[in-house]
Amino acid sequence: MKATIALMLVLVAGQGFAAGLDRTPLEAATVDGKKVRLFPNGRWEFVDAAMAAEAQKVAAEYPENKARPAEAQGGLFGVGRTVMPGDKDYNRGSLNPKMR
């Protein structure tokens, strides 16, 4: 019983410490002097908007970045059909008459 209460206190205290963390991005520079922003989650981006747009175009060409959009339906684990918004089958629900 005491261990359970102690664990609950540790979890509650941990949440309180996490809420107080500073999550503003840091300004930094690459080895060749280009300005970037470093985010707390490990992501980074160029400060210059033109360079950021160019980097996004290059990143979009990599196969691991060609995943299905978040608003698409289906295609679980890359298997099956992916239904995009605007398709007649998007969000149609079950075709079982008992479920309608």
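1. Terms first, then the model. A residue is called buried when its relative accessible area is under 20%, exposed when over 50%, and partly exposed in between. Arg-43 has a relative accessibility of 44%, so Arg-43 counts as partly exposed. Keep in mind that this is a predicted model.

2. Confidence. The mean pLDDT of the protein chain is 82. A score of at least 70 is reached by 90% of the residues. Confidence is not even along the chain. The lowest mean is that of H1, at 69. The highest is that of E2, at 94. Where pLDDT is low, the predicted coordinates should not be read in detail.

3. The sheet. Three elements matter here: the open sheet has 3 strands, in the order E1-E2-E3, with antiparallel pairing. Strand E1 (26-29) and strand E3 (44-46) lie at the edges, and each of them pairs on one side only. On average, neighbouring strands of this sheet are turned by 30° against each other, with direction ignored. As a general point, strands of a sheet pair through backbone hydrogen bonds, either parallel or antiparallel.

4. E1 against E2. These strands run antiparallel and are joined by 4 bridges. Leu-26 stands opposite Leu-38 in E2. Ala-29 faces Lys-35 in E2 in the pairing. E1 and E2 make a hairpin, with 5 residues between them. The turn includes Gly-33, which has a positive phi of about 90°.

5. E2 against E3. Strand E2 covers residues 35-38 and pairs with E3 in the antiparallel sense over 3 bridges. Val-36 is opposite Phe-46 in E3. Arg-37 is opposite Glu-45 in E3. E2 and E3 also form a hairpin, again with 5 residues between the two strands. Here the turn holds Gly-42, with a positive phi of about 100°.

6. The structure holds 7 salt bridges. Side chains of opposite charge can pair when their charged atoms come close. Which residues are linked in a network of salt bridges? The members are Glu-27, Arg-37, Arg-43 and Glu-45. Within this group, the side chains of Glu-45 and Arg-43 meet at 3.5 Å, N to O. Glu-45 has a relative accessible area of 26%, so Glu-45 is partly exposed. Arg-43, at 44%, is also classed as partly exposed.

7. A salt bridge between Asp-32 and Lys-34. The two side chains meet at 3.6 Å, N to O. Lys-34 is partly exposed, because its relative accessibility is 34%.

8. A salt bridge between Lys-88 and Asp-89. The closest N and O atoms of this pair are 3.4 Å apart. The two partners fall into separate classes. Lys-88 counts as exposed, because its relative accessibility is 72%. Asp-89 counts as buried, because its relative accessibility is 17%.

9. A nonpolar surface patch. Met-1, Ile-5 and Leu-9 form this patch on the surface. Together they have about 380 Å² of accessible area. Met-1 sits in the segment before helix H1 (2-19). With a relative accessibility of 77%, Met-1 counts as exposed, because the cut-off for that class is over 50%.

10. Where is Asp-22 found? Asp-22 lies in the loop between H1 and E1. Asp-22 is exposed, because its relative accessible area is 60%. Asp-22 and Ala-60 are 38 residues apart along the chain, and their C-alpha atoms are separated by 30 Å.

Terms used: Residues are numbered from 1 along each chain as its sequence is written. This is a predicted model: local features need pLDDT of at least 70, side-chain atom pairs count only at pLDDT 80 or more; totals for chains, interfaces and linings use all residues. Side-chain values use heavy atoms; hydrogens and water are left out. Patches are made of residues with over 30% relative accessible area and no salt bridge: like charges are joined within 9 Å, nonpolar side chains (Val, Leu, Ile, Met, Phe, Trp, Tyr) within 5 Å. Accessible areas come from the Shrake-Rupley method with a 1.4 Å probe; for residues, only the protein chains shown count as cover. A salt bridge is a side-chain nitrogen of Lys or Arg within 4 Å of a carboxyl oxygen of Asp or Glu. Buried means under 20% relative accessible area, exposed over 50%, partly exposed in between (1.4 Å probe, protein chains only). Two strands pair if DSSP finds at least two bridges between them. Axes are lines fitted to C-alpha atoms, for helices over the stretch in contact, and angles run from 0 to 180 degrees between N-to-C directions. pLDDT is the predictor's confidence in each residue, from 0 to 100.
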